[in-house]
Amino acid sequence: MTQDHSTPENAPRWFAAQQILDAVSPRRARTLLEETLVGGFHPGEDPARGNVTAGQGHMLLMPSVLGAWSGIKVATVSPGNPERGLPRIQATYLLMDTPTLSVQAVMEGNALTTLRTPAVSALAADHLAAPDAQTLMVFGTGPQALSHIEAFADVRDFSEVVVCGRSTEKVAAAVAHAQRLGLAARAGTAEDVRDADVVVCATSAAEPLFDGALVRDAACVVAMGSHEPDARELDAALMGRAQVVVEDRGTALREAGDVVQAVAEGALTEEDLVPLADVVTGAAAMDRSRPRVFKCVGMSWQDLAVAVGVVDGAEA
């Protein structure tokens, strides 16, 4: 991409949600993240996510630098917004060129999150899941759950998708979404986890969603619903018996409740955590004798890598 420094006459380009999704496909987003890690970037170089209390919620500040590009996502979480007819989470992304730190593009941040989060999950699952995985189980029915179904269907040929959620109507909608993608799908319960090859947890739950003892040794579990230390979707029993992969050890120990609480309960240690970069580059071997868990909280470098791809894709 040619970098034209923004001026009053040449304002940064605005990318709305649909423009972002049109510019970068789920597969391309996964490739962008993989290329970043293979290229030698270490996620630990990202600054810690800033969390600032504001009103009845908080602001999340997520800056990153990848060579010639810099960027920051400002996300807000306002729990009372749904009652006002507004989104609980809102976000805006600023993309800058590193040499001058001039803003080159402004993007609707929620679409960027919706794109990059399943991309990093699918990247991990592509390395952790059994090559012949057949059954995908998804906990959750929101935008992330739907996006994960599409992203995961691109890395494995699933014969069945099982959706588990609290709302019958929303579960039915998620099942219909999977069927529109050409997948056989049905509603299920937490007990169905015992037969799943790949499990995705994309919920706002603060307590474990299922009994970790039910998870098969051959299964891959991805948990991405929480980035707070006091909330978790997976129990310590599963974390303790699994090979646990994280985006970055320091980040996981600060923000990933599934990890933080398992460590506090003595089921897991910091040394047990395998960085995703080591998995992607082949520096770490997978242990196929036990479950593989990928716990992610979302990191700034992921937004930046995909944001650059959005601008490049729009100009292609």
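Biologist: Where is A125 found?

Modeller: A125 belongs to helix α3, which covers residues 109-128. Helices here are DSSP runs of H or I with at least four residues, strands are E runs of at least two, and both are numbered from the N terminus. One caution: this is a predicted model, so local features need pLDDT of at least 70 and side-chain atom pairs count only at pLDDT 80 or more, while totals for chains, interfaces and linings use all residues. Residues are numbered from 1 along each chain as its sequence is written, and side-chain values use heavy atoms, with hydrogens and water left out.

Biologist: Is A125 buried or exposed?

Modeller: We read that from relative accessible area: under 20% is buried, over 50% is exposed, and anything in between is partly exposed (1.4 Å probe, protein chains only). A125 counts as buried because its relative accessibility is 1%.

Biologist: Which residues is A125 in contact with, leaving aside its neighbours within four places in sequence?

Modeller: Contact means heavy atoms within 4.5 Å. On that basis A125 meets F152, R156 and C220. Take F152: it is 27 residues from A125 in sequence, yet their C-alpha atoms are 7.7 Å apart in space.

Biologist: What about F15, where is that found?

Modeller: Look in strand β1, residues 13-15. F15 is buried, since its relative accessible area is 2%. Setting aside neighbours within four places in sequence, the contacts of F15 include I20, A105, V106, M107 and E108, plus V310, V311 and A314. Then compare sequence and space again: F15 and G109 are 94 residues apart along the chain and 9.5 Å apart, C-alpha to C-alpha.

Biologist: How much of the chain's contacts do residues 24 or more positions apart account for?

Modeller: They make up 71% of the contacts with a separation of 6 or more.

Biologist: How do I read strand pairing?

Modeller: Strands of a sheet pair through backbone hydrogen bonds, either parallel or antiparallel.

Biologist: What covers the buried residues of α8?

Modeller: First, who they are: in α8 (residues 257-264), G257, D258, V259, Q261 and A262 are buried. Their cover includes the strands β11 (220-223), β12 (243-246) and β14 (292-295), and the helices α6 (236-241) and α7 (249-255). Just past α8, G266 has a positive phi of about 80 degrees.

Biologist: Which residue has a positive phi although it is not a glycine?

Modeller: Most residues other than glycine have a negative phi. L101, however, has a positive phi of about 55 degrees. It sits in the loop between β5 (89-97) and β6 (102-108), and L101 counts as exposed because its relative accessible area is 52%.

Biologist: What does Q302 touch, not counting residues up to four places away in sequence?

Modeller: Q302 lies in helix α10, residues 300-315, and touches L33, R116, V120 and E247. With a relative accessible area of 0%, Q302 is buried.

Biologist: Stepping back, how many helices and strands does the chain have?

Modeller: There are 10 helices and 14 strands, and 51% of the 316 residues count as buried.
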